[in-house]
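Please open the structure in your viewer and keep the selection panel at hand, as this tour moves from one selection to the next and says what is found at each stop.

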Amino acid sequence: MGTFWFIVLAVLLVGYAVLDGFDIGVGALHLTVARNDAERRTVLNAIGPVWDANEVWLLGVGVGALLAFPRAFAVGFSGFYLPLMIVLWLLMGRGIALEFRHHIADPLWQGAWDVVFSVSSLLLAVLYGVAIGNIVTGVPIDEHGWFQGLFASLLNPYALVMGVFSLALLMLHGAYYLCVKTDGALHERAHLAAGRLWSIVAMLVVVLTVATFVLRPGLLGNYWAYPVWLLVPLAAGWCVVAMWRAHDRRRHGAAFLASSGLIAALLVATAVGAYPYLLRSRPFPERSLTVANAAASPAGLIAAAFWLIPGVVLILAYQIVAYRAFAGKVRLDGGAHY
Amino acid sequence: MTDSVIADRIQFTFTIMFHYLFPILTMGLAPLIVVLKTLELRRGDARYGAAARFWTRIFALNFAMGVITGIPMEFQFGTNWAQFSAFAGGIIGQTLGLEGVFSFFLESTFLGILLFGEGRVSPRLHWLSSVLVAAGAWLSGLFITATNAWMQHPVGYRVAADGTVQIGSLAALLGNPFLWWQYAHVMNGAVLSAAVVMASVGAYYLLAGRHLEFGRLSVAMGVGVGAVFALTQLFPTGDMNSRNVTAYQPVKLAAMEGLFETRYGAPLAILGMPSTTEHRLLDPVEVPDVLSYVAYGSFRAEVKGLNDYPEAEWPLVQLTYYAYHIMVGLGTMLIAALLLGVALWWRGALFASRWFLWILLLLLPFPYIANEAGWVVSEVGRQPWLVYGLLRTVAGVSPNVAAGETIFTVLGFAGMYALLGVLTVFLAILIVLRGPDEGPMERAR
């Protein structure tokens, strides 16, 4: 059951990264691609109906970890106390900016919230990359089973490059979302931005793959043992190529699917490398939290699987209703709340 | 108690009390918006549509604030209460997970359609969205109350070999005898608050001489719904809830009432100051025998006082006592005011009695205070336990987070929430000043 819930958490994380990923990416692009109030409102209304539901996936990851691996949740969240508080405040900043901006039709009021929205999205994208960079590296768990994450070591070069990569990838993902949802000058700028971001992403995919080989060989054990999983990183590579071909033909829907696939493949590849570790301990590997030693009771995990599965079917059903209701380009005339 | 426990408690208390200001209104307003949307659809009357849109704007602002201030609550289980999460995660993870899967997704997805979908989706789907948003809000209330009810009266668990608690029966968790009356009382309080807010805003329009038709609709709906829910707040929901406290948490009951000596025919304290040094209620105004009746249904029943329990098991007596009396006092005041409103309505004088409209206008903060005070009774009265009888609050905190770190983040939250609170009130006032749309489709800004 531990392994099943490891997969559930990976799926929830992929859902979060793909869905909230595009609206965080849209946020990071907001100030550069949208130049006047109408364009900015178009951008905000493009993610308006969906961003909140997308963010619920993050809650899903957190609560899923609490439910299935209480000890890993407790150690990880308390160990990364201050960094998580920063994530929290950035998430809050984004939400506030989205809701507050439209209440007063004043250029300074709106400009201020545009900056809050964009900067907090940008920093979030970086922090998520840094977080993944550190979780795969491992943390110094003490003899009582706890640790304290230190800022200086969190911001190591490997994790920082991951942060930059995460920002570029989510911006690319968001740019294709905007290409799909908008037209006119905004659409063209998003297309141009996507082209440039694609080269950065493609370059960093190569750099980070090499860096992982050299600096974090521990992540590769599962791949040597079960080479069939190498298909996952290969799929990521294929997504990069497919994205470029779709971009060239201006098939933005396909490019968006490819960027979604790339995010999913990279996270799955990381999860495969990390398994069975939830929180790797360095330098004492025996203190690590794994799917075996951190799991809640099997009875609880089975009970939760019984409600989780119909629950997820329901979620997918109404998310499909929502995305269909808002299919097509954004219009500002009717039903624009922001 | 160490500094870090105090810091963690202050942070949780502050963030949850600020957070709860918003769900009070969203949970209560959601079904009232459904009523307005239904009237719009059934009668084809655009005025109800305009009213629904107005209240949906208020709802959206509060919902956004509820989400923004709600995320820190889930985070804090891990960041500040890590030992509690490690101890009880296998149980509270279930109810919080149910909340995420069955209510947050439902609520947020269909709120998107409710806010952005008018003119894009069919009126029927738009109406359905309002129903599903309300269902999501009420399910969320259910699962979070189930989590709290388990902490008040743990059931359906078993203790594992490593000392943690694990789920024994999910059905027992949701069938917790403490849960359903607590849930009814919480949700009833939310509807009462939303009704008072509605009446208060409506009274403002009538006093200001603007949007008179909308003002009358709001006052009528607010007073009508409010009067009913003010009564059910006391009986049966409040009454049954205190019977559960009597049965499962007798120390809390004694603290609520400031009862030190065990008595047959215990009196109900109306006024008085509990003194934990003198072990008695100072300067009391009491009604003889009534506490025995309220708790056990008999005027001669024995009610245990605080002196029968070791002081280490007492909650903060004064805080529990004052919060309880504030809650009951304000509840009584709301009943009186809203019944007076119904009487005026009966005589056809509700909309013209300026003095009463002023009372309605000024009533606005009090249901909020009563709801918050009720939760203070519930949570402070549970101390020194985090999970009643199983885990002490001091044993629940994160051992690896220093008091200084938490105080640092408390100050961060304090600053941020001060700003958010001011801005939210300011924007809510702006929404009210702009008023409802006069024409049915004048929405585009």
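Select helix H1 of chain B together with helix H13 of chain B: in this model, which is a predicted one, H1(B) passes H13(B) in a left-handed crossing. The residues that make the contact include, on the H1(B) side, B:Ala7, B:Ile10, B:Gln11, B:Phe14 and B:Phe18, and among those on the H13(B) side are B:Ile407, B:Val410, B:Phe413 and B:Tyr417. Sorted by class, this contact holds 10 nonpolar, five polar and two charged residues. Now display the whole of both helices, residues 3-43 for H1(B) and residues 403-434 for H13(B), whose axes come within 8 Å and cross at roughly 20°. Angles under 35 degrees count as roughly parallel, and H1(B) and H13(B) are therefore roughly parallel to each other.

Staying in chain B, select residues 268-275, which form strand E4, and residues 280-287, which form strand E5; the two strands run antiparallel and are joined by six bridges. Four residues lie between the strands of the hairpin, where B:His279 takes a positive phi near 55°.

Within chain A, select helix H8, residues 157-181, and helix H9, residues 184-215, whose axes come within 8 Å and cross at roughly 150°. With that angle, H8(A) is roughly antiparallel to H9(A), and the crossing of these two helices is left-handed. The contact of H8(A) with H9(A) has 26 nonpolar and two polar residues, and no charged ones.

For the last stop, bring chain B back and look at where the chains meet: 60 residues of chain A are in contact with 59 residues of chain B. On the side of chain A that touches chain B, at least two residues each are supplied by helix H3 (51-68), helix H4 (70-79), helix H5 (81-101) and helix H13 (298-325) of chain A. If you colour that side of chain A by residue class, it divides into 38 nonpolar, 18 polar and four charged residues.

Notes. Residues numbered from 1 in each chain as written. Chains lettered and ligands numbered in written order. Predicted model: local features only at pLDDT ≥ 70, side-chain atom pairs only at ≥ 80, totals over all residues. Axes fitted to C-alpha atoms, helices over the stretch in contact; angles between N-to-C directions. Parallel < 35°, antiparallel > 145°, perpendicular 65-115°, else oblique. Left-handed = near helix turned anticlockwise from the far one by under 90°. Contact = placed C-beta atoms within 7 Å. Nonpolar A, V, L, I, M, F, W, Y, C, P; charged D, E, K, R; others polar. Pairing = 2+ DSSP bridges.
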